[in-house]
Amino acid sequence: MYCVRKVTDDIYWVGGNDRRLMCFEGVYDVPRGVSYNSYLLLDEKTVLFDTVDKAVAEVFFENVEHVLAGRTLDYVVVHHMEPDHSATLCELVRRYPDVKIVCNSKMVTMIKQYFTFDIDSHAVVVDEGGTFSSGKHSFTFINAPMVHWPEVMFTYDAAAKILFSADAFGMFGALDGALFADEVDFERDHLDEARRYYTNIVGKYGLQVTNALKKAAAFDIQMVCPLHGYVWRKNIGWFIDKYMKWASYEPEEKGVVIAYSSVYGHTANAADTLACLLGEQGVKTVVYDVSVTAESYIISDIFKYSHVVFAATTYNMGVFIKMENLLHDLVEHGIQNRSTALIENGTWAPQSGRLMKELLSSCKGFRFLNEKFTLKSSMKEEQMGDLRALADTIAQTVKNE
Ligand code: FEO
């Protein structure tokens, strides 16, 4: 059965929700599912904005057929060729053989790579600043390379003052009936998943995100329609401000993430002791065991907070593998501008402090608050003074930065 919602008088959400997906992109767990958004405009011409992942193909095609109500589909605008938005494009062409595909030249290449249908006979190739009219609505296309692939573009609809923003302003989490962000308590219930989506999916491309948002700012935007998650029609500036912070690698809040790896609990004990010392000073602190919590959640919180402490065992003369993976992933996501401290552990030859510092050496704007704090197997009473001094240094910089 079709499952649609009205976005405006003549634009409909015709996407779908997937709550069975184990791993988005094969990497990120999505315990609350994910939505694949597609929008259908009924103007003098009918225009579909993007298709969906194959997982929700059945309901998507029912939605499109229902909203078209016997009309044909004249155009589909492609904003992003990643298959979570384009996997059903070939089937769309099979069902609507006269449809024109509005896309840029990079997308034509990718369509040929993914599919075998004759794209050249369907393509209407547009470029930066190009325009197109469907009747009452006229559109301007804005290239947004690397948000999150090189071919990505946004579309601005001047009649509805809508920005179709591709992956930008998306989030993890299915749409549970609500379509607009103002229909839910977004900050309380969804901001964390929006941050986890942004930081892990496009976190590496902060500069490109900033550039795309600056270009989009030239338009009078009253609504944002992303490819995942809620449509924004109120408080858009609040969410854009979050994006600008994430894209510029500035923390949202003062606080400390302590991420530890611990084989027998002794490094965990030091991490918890440090957390207590920080808590006594009123410093907001969150503690993660990297063997238990998926990297994407920890990376998201490292983007959120101003400080991060890494505490790791030495393992096979290297950094414990779960911590090593986290640090590689973090570096790959381009994290910058954090104050950090290191705790290492090793029973006979502690190495993890030096190695963690080397792994983080390419992060711009990282400020190391200590050389390292070394445990030989377990925390001892005589080390409490040094750990307290480290907590004092962290707390002071949290308060003063
Ligand atoms: Fe939602 Fe980059 O795809």
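Because the model is predicted, local features need pLDDT of at least 70 and side-chain atom pairs count only at pLDDT 80 or more, while totals for chains, interfaces and linings use all residues. Residues are numbered from 1 along each chain as its sequence is written, and side-chain values use heavy atoms, with hydrogens and water left out.

Let me start with the salt bridges, of which the structure holds 21, each one being a side-chain nitrogen of Lys or Arg within 4 Å of a carboxyl oxygen of Asp or Glu. One of them joins the side chains of Asp176 and Arg19, at 3.0 Å from N to O, and this pair links distant parts of the chain, 157 residues apart, with Asp176 in the loop between β15 (162-164) and α5 (186-189) and Arg19 in the loop between β3 (16-18) and β4 (23-24). Helices here are DSSP runs of H or I with at least four residues, and strands are runs of E with at least two, numbered from the N terminus. Both Asp176 and Arg19 are exposed, where exposed means over 50% relative accessible area, buried under 20%, and partly exposed in between, with a 1.4 Å probe and protein chains only. Another salt bridge pairs Arg188 with Asp189, with the closest N and O atoms 2.8 Å apart; Asp192, Arg195, Lys242 and Glu252 are linked in a network.

Moving inward, Met223 lies in strand β16 (residues 223-225) and counts as buried because its relative accessibility is 10%. Leaving aside residues up to four places away in sequence, Met223 touches several others, among them Val7, Phe180 and Trp232, a contact being heavy atoms within 4.5 Å.

What makes up the nonpolar surface patch of about 360 Å²? Val263, Tyr264 and Tyr315 form this patch, and Val263 sits in the loop between β17 (253-260) and α9 (266-280). Patch residues have over 30% relative accessible area and no salt bridge, nonpolar side chains (Val, Leu, Ile, Met, Phe, Trp, Tyr) being joined within 5 Å and like charges within 9 Å, with areas from the Shrake-Rupley method and a 1.4 Å probe, only the protein chains shown counting as cover for residues.

Finally, α9 and β19 (305-315) each supply at least two residues of the lining of the largest pocket, and β19 gives the most, with 3 residues.
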